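Subject: Structure handover

Hi,

Here is the structure I promised to pass on.

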Amino acid sequence: MSEPVSMQVFDISASALSAERTRLAVISQNIANAQVTKGADGEPYRRQRVTFRSVLEEEVRRGRAGGLPAGGVRADVESVPGDFQHVKIPGHPDADKDDFVRMPNVNLVDELVDMVDASRTYEANLSALRTWKQMLARTLEMTR
Amino acid sequence: MSDLTGGFDVANKLMDFTSARARALATNIAHASEPGYKRVDVDFAALVESFRAERERGDAGALAKARPAPAIDRVAAAGRSGNSVDFEREQVQLDKNALLHELATFFVNSKLNTLRSAIRGQA
């Protein structure tokens with residue numbers, strides 16, 4: 001038994017809200033770790049990126065969607081390959097013999113632009129959801 | 001049951017369902033930061049299915065016996081800490097649930113209004 005379309009709209013908006021929240025969390029993580037020269041693996045921090053994918057009807061039918069609705073969106077987190085920046089900081093504990101320290105491949109400007117985008121998209125989804133909710137409430141009131 | 005009083009039992013069961021679900025969803029939000037917590041939910045299809053099974057066995061009180069039961073959601077994907085609660089999704093389910101509850105109360109209301117005008121003898 002599947003839900004009526006009017007109810008699926010809620011789940012689709014929710015999946016997008018959740019995905020944008022994941023994106024914001026990853027951006028915060030990137031900004032917080034922008035100066036980390038030595039992580040758990042001994043390497044500088046590597047920028048994380050969120051990729052969005054549509055949830056396909058077939059995934060839902062096979063029970064592989066993880067509770068997400070068809071037409072909704074899924075956010076996957078991945079590490080971004082790319083060269084570390086080399087900065088000359090004499091005396092730094094992680095500096096090489098020429099005083100160069102490898103810094104994370106995080107660009108603060110990129111992160112901040114992304115953050116504004118994620119925040120706006122979150123709001124857009126929220127307003128779509130609210131509008132739909134109001135429409136359904138009006139429908140109930142119509143017959144009152 | 002006559003046409004005038006019929007349907008109350010269905011609306012009653014629907015409200016049983018919406019209150020059980022609201023409770024389950026509130027529990028999920030309360031456990032949102034507990035590592036390893038698996039979200040619970042009340043499945044409408046399962047409720048309908050249990051009612052149908054009882055009725056096929058010829059039980060006249062099948063509807064009264066069908067109980068909405070919370071169960072662990074095994075489909076929802078778990079995050080890093082093994083917790084499968086997703087704030088936005090819980091919130092939206094609560095919204096949906098509230099709407100369904102409103103629908104049930106609306107139904108009861110309009111039924112009662114019909115009865116009331118029948119008693120008064122006015123249209």
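Below is what came out for the interface and the salt bridges.

First, the ground rules. This is a predicted model, so to speak of local features we need pLDDT of at least 70, and side-chain atom pairs count only at pLDDT 80 or more, while totals for chains, interfaces and linings use all residues. Residues are numbered from 1 along each chain as its sequence is written, chains are lettered from A and ligands numbered from 1 in the order in which they are written, and side-chain values use heavy atoms, with hydrogens and water left out.

On to the interface. Chain B puts 19 residues in contact (heavy atoms within 4.5 Å) with 20 residues of chain A. The two chains bury about 1800 Å² between them, 62% of it on carbon and sulfur atoms; buried area here is the accessible area (1.4 Å probe) that two parts lose on being put together, summed over both. In chain B, the residues that lose the most area to chain A are B:Glu88, B:Lys96 and B:Leu99, together 33% of what that side buries.

There are 4 salt bridges between chain B and chain A, a salt bridge being a side-chain nitrogen of Lys or Arg within 4 Å of a carboxyl oxygen of Asp or Glu. B:Asp95 pairs with A:Lys133 in a salt bridge, with the closest N and O atoms 3.2 Å apart. Another salt bridge joins B:Lys96 to A:Asp11, with 2.7 Å between the closest N and O atoms. That pair crosses between chains, from helix α4 of chain B to helix α1 (residues 5–32) of chain A; helices (H or I, at least four residues) and strands (E, at least two) are DSSP runs, numbered from the N terminus. B:Lys96 is buried at 5% relative accessibility, and A:Asp11 is buried at 12%. The cut-offs are under 20% relative accessible area for buried and over 50% for exposed, with partly exposed in between (1.4 Å probe, protein chains only).

Over all chains, the count comes to 25 salt bridges. Within chain A, A:Glu78 and A:Arg49 form one, the closest N and O atoms being 3.0 Å apart. This one links distant parts of the chain, from strand β2 (residues 73–79) to strand β1 (residues 48–54), 29 residues apart. A:Glu78 is partly exposed at 32%, and A:Arg49 is partly exposed at 34%.

In chain B, B:Glu54 meets B:Arg57 in a salt bridge (3.3 Å, N to O), and B:Arg57 is exposed at 65%.

Cheers
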